[in-house]
Amino acid sequence: RFPRRRSGRLFRRAHPHRSAQPAPAHGRLAGMSGLRFEVLIPHGQIQQRVAELGRQINADYAGRSLVMVGVLKGSFMFLADLIRHIDVPLRIEFIGTRSYEGTTTSGQVQLTKDLDRPIVDEDVLLVEDIIDTGLTLNYLSHLLEQRQPRSLKTVAFLDKPSRRRIDVHGDYVGFTIEDRFVIGYGLDFEQRYRNLRDLCVLVP
Ligand code: IMP
């Protein structure tokens, strides 16, 4: 017997992601006894803001093309959502840095992955997960300026200005947050929890 494909019920069952449940508003982190998280910015609000950033970038870069450089690993989810709202021609590059040990910065920025291709004479948009102390952005903007792009700007999903150690800023910022350690939407705590749909805070 063939399933009745026109039935809405069958269709929905065949595409379970369409009715995916939102992440819980708060919870206990699996495998990390004693750690709890709470939602700081829910997924829907993130999506609205990312769409706004996309519109702003489209207006500012109209008639040009972009190289969007995602800073690994934290920016991957933001980058993936953001580019779906950008309609100027673009290519994607990734660059990797490491500067964090647990919840405290080591103060050192290390390159873990370089660009695959040159960016000379290109309009480059560096895509960061969060500007915290500013050390990473400072390091990367100097590094990329040496490659002689036509222009270099930064879009950051989050900004934590109260923790700044170097005077840098994002040209486009999704949300400015207080000094809380955040996880989810690409951001990790000891390499985990990047897959949370909402931006969450760890509750001691
Ligand atoms: P910086 O201190 O501005 O150099 O930020 C370095 C990196 O630390 C960011 O790109 C993030 O990957 C990470 N980071 C900073 N604050 C947080 C946080 O609250 N949660 C998770 N990662 C963070």
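This is a chat about a few local features of a predicted model.

Colleague: Let's start with the helices. How do the axes of α2 and α3 cross, and within what distance do they come?
Modeller: Helix α2 covers residues 43-60 and helix α3 covers residues 76-83. Their axes come within 9 Å and cross at roughly 60°.

Colleague: What does that make α2 relative to α3?
Modeller: Oblique. Angles of 65 to 115 degrees would count as roughly perpendicular and those under 35 as roughly parallel, so a crossing at roughly 60° makes α2 oblique to α3.

Colleague: Left-handed or right-handed?
Modeller: The crossing of α2 past α3 is right-handed.

Colleague: Which residues meet there?
Modeller: From α2 there are Q47, V50, L53, G54 and I57, and they meet F78, D81 and L82 of α3. Of the residues in this contact, five are nonpolar, two polar and one charged.

Colleague: New topic: the backbone. Where is there a cis peptide bond?
Modeller: Between L72 and K73, with omega at about -5°. K73 is in the loop that runs between β3 (66-72) and α3.

Colleague: And what is the phi of Q191?
Modeller: Q191 has a positive phi, about 70°, although it is not a glycine. Q191 sits in the loop between β9 (182-183) and β10 (199-203).

Colleague: Which elements give two or more residues to its lining?
Modeller: Those are α4 (135-145) and β7 (151-159). The residues lining the second largest pocket include L137, S141 and E145, along with L152, K153 and T154. D167, V168, H169 and D171 are also among them, as is L126.

Colleague: How many of the lining residues are nonpolar, polar and charged?
Modeller: The lining of the second largest pocket has four nonpolar, three polar and four charged residues.

Technical notes: Residues numbered from 1 in each chain as written. Predicted model: local features only at pLDDT ≥ 70, side-chain atom pairs only at ≥ 80, totals over all residues. Heavy atoms only, no water. 1 Å grid on protein atoms, 1.4 Å probe; cavity = no way out; pocket = protein on both sides within 12 Å on 5 of 7 lines; lining within 4 Å. Helix = DSSP H or I, 4+ residues; strand = E, 2+ residues; numbered from the N terminus. Nonpolar A, V, L, I, M, F, W, Y, C, P; charged D, E, K, R; others polar. Axes fitted to C-alpha atoms, helices over the stretch in contact; angles between N-to-C directions. Parallel < 35°, antiparallel > 145°, perpendicular 65-115°, else oblique. Left-handed = near helix turned anticlockwise from the far one by under 90°. Contact = heavy atoms within 4.5 Å.
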